[in-house]
Amino acid sequence: GRGSIAPVNAFHRVSEERSMSGAVRGALRRFAAAFGHPPGANASSSIGAVGTRAMRRSFASKPAEFTFGDEDQARRYDDALASQVFRPWCEAMVEINEPVPGNKVLDLACGTGINTMLLASRVGDKVPGGQVVGVDVSRGMLAVAEAKAKNAHSSAPASDGANPDGLAPVTFHFGDACAEDTPWHEPFVGRFDRAYCHQGLQFMADPIEALCRVRTALAPGGQFTCATWAPIEHQPLFLAVHRALCGPEVARPEWGEAMLAPFAWNSSGDTRGSHAEGVRKLEDALARAGFDAPDAAVERGYVYFANVDAAAGVVRAAPFYAELIADEGLYERYVQAVRCRLAEVESELGGFARVDVADASEGGWGVVEAAKKSGNLKGGDVMAIPAVAYFGHATAPWNVLGTKG
C-alpha cells in the first residue's frame with residue numbers, strides 16, 4: 001500500500017527557505033508516494049540543496065519567447081508533459097487548496113486541461129452544482145482540452161443533475177489573462193469558490209493584473225493557489241536540455257534560450273543561492289493584487305521518465321521541435337547530448353533516484369500507470385528527477401470594499 005513506500009518527507013525542503021510542508025502534509029505525501037527512500041533515511045540526503053554550488057553561468061532575465069502554437073504542438077505538449085511532469089505537481093497544488101464536491105472553480109492558464117480535468121473529478125463526484133471553467137490564450141491548447149473533456153464526459157447527465165461519471169461540467173474560454181481586450185473575468189465576478197493557476201504566471205505580461213482579475217472572479221473568502229517553476233538552474237532535466245541545445249552537438253543557442261522561458265519567474269538572472277527572491281515576488285504580487293494572507297513557499301518534487309531518451313523527449317513541447325526532428329542525425333545528437341549533460345548536471349546538483357514501476361503505480365496519481373498504458377514503460381525502474389517550484393496561496397477578501405479589480 002501507499003504507506004509502505006512513502007518516504008520520511010514528501011517534498012525535500014530547500015535549506016534556509018520556508019515550506020508549506022507542515023500545512024499540507026497530505027499533498028506532500030502524495031507527491032512522494034511514487035518515490036521511496038529507505039525507512040528512517042534522511043529524505044534530503046540523496047539530493048543536496050540546489051543552488052549551494054557555483055553554476056557555470058547565470059541566465060538573462062528575459063529569455064527568448066516560448067510560444068504555444070497550433071493544435072499539433074498542443075498535442076505534443078500534452079503528450080510530453082502531462083503525466084510525467086505536470087500531473088503530480090497539479091495533484092499537490094490542488095490538495096493545498098482542496099475543493100469539495102459542488103464547488104465552482106477556475107483554472108487560469110488551463111493549457112490542455114491537465115489540471116482542469118483533475119478539478120472536475122474533485123468537484124463533480126456525483127454531486128450536482130460543481131463547475132470548472134478553464135481560461136487560456138492558446139486556441140490550440142483549448143482545442144485539445146475541449147476534446148479531452150468531451151471524451152471524459154461521454155455519459156449523459158443523470159436525472160438529478162449530477163454526472164454519473166463523477167466529473168463536473170467543464171467549459172473553456174479563450175482569453176489573455178491580463179490583456180485589456182480580453183476581459184475574461186467580467187462574466188464571472190464573484191462566481192468561484194476556488195481558483196488555480198499552474199505554471200502560467202511566468203508567461204504573463206502583467207501577472208499582477210491577471211491576479212487582480214482572479215481575485216475579482218472569486219467569491220469573498222475564495223481561495224487561490226498557484227505554482228511557478230523555480231529558475232532553470234534548479235531544474236536538472238531542463239538545465240541539461242538547455243545545455244544540450246546550446247552545446248556543440250546541436251549548436252542552436254536560440255533554441256536553448258527559448259527553453260528558459262518557463263523558468264523565468266524570478267526577476268533577476270543570477271539565481272544562485274537562495275530562492276527567497278522568487279518567493280518574495282510571488283507573495284508581493286498576490287498582495288498587490290488585493291488578496292488577503294498571501295503566502296508562498298519553495299517546494300521540491302520530481303518529474304518521472306522511463307529513461308534518459310524518454311526524458312529528452314520533453315523537447316516535443318517546444319515550438320522548434322519540428323525543425324529539430326527534420327534532421328534525424330541532429331535529433332540523435334541532441335539525445336546523446338542530453339545524456340551527457342544530465343550526467344554532468346547530476347554531478348553538480350546531486351544524485352537522481354529510481355523507483356520500481358510497481359511501487360510507483362501503487363503510489364498514486366496514475367503517473368507511471370498512464371505511461372505504461374501508452375507504451376512508454378514496460379516494467380522495471382522509472383527515473384525520478386528532482387524539480388523545484390514556488391507555490392503561492394491567498395484568500396479573496398471578505399470585505400470587498402475598496403478591492404474592486
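Reply: The following account begins with the aromatic pairs and then turns to helix packing.

This is a predicted model, in which local features need pLDDT of at least 70 and side-chain atom pairs count only at pLDDT 80 or more, while totals for chains, interfaces and linings use all residues. Residues are numbered from 1 along each chain as its sequence is written, and side-chain values use heavy atoms, with hydrogens and water left out.

There are 10 aromatic pairs in the structure. Rings of Phe, Tyr and Trp (its six-membered ring) pair if their centres lie within 6.5 Å; planes under 30 degrees apart count as stacked, over 60 as edge-to-face and the rest as tilted. Tryptophan 89 and tryptophan 229 form an edge-to-face pair, because their ring centres are 5.2 Å apart and their planes stand at 80°. This pair links distant parts of the chain, 140 residues apart: tryptophan 89 lies in helix 3 (residues 71-96) and tryptophan 229 in strand 5 (residues 218-229). Helices (H or I, at least four residues) and strands (E, at least two) are DSSP runs, numbered from the N terminus.

Tryptophan 89 counts as buried at 0% relative accessibility, and tryptophan 229 is buried with a relative accessible area of 4%. Buried means under 20% relative accessible area, exposed over 50% and partly exposed in between (1.4 Å probe, protein chains only).

Tryptophan 89 also pairs edge-to-face with phenylalanine 391, the centres being 6.1 Å apart and the planes at 65°. Here the partners are 302 residues apart, with phenylalanine 391 in strand 8 (residues 381-395). Phenylalanine 391 is buried, as is tryptophan 89. Ring pairs join Trp89, Trp229, Phe238, Phe263 and Phe391 into a cluster.

Helix 3 also packs against helix 4 (residues 114-123), at an angle of about 45° and with the axes 9 Å apart. The axes are lines fitted to C-alpha atoms, for helices over the stretch in contact, and angles run from 0 to 180 degrees between N-to-C directions. Helix 3 is therefore oblique to helix 4; angles under 35 degrees count as roughly parallel, over 145 as roughly antiparallel, 65 to 115 as roughly perpendicular and the rest as oblique. Residues making the contact include Ala82, Phe86 and Cys90 of helix 3 and Leu118, Leu119 and Arg122 of helix 4, where contact means heavy atoms within 4.5 Å.
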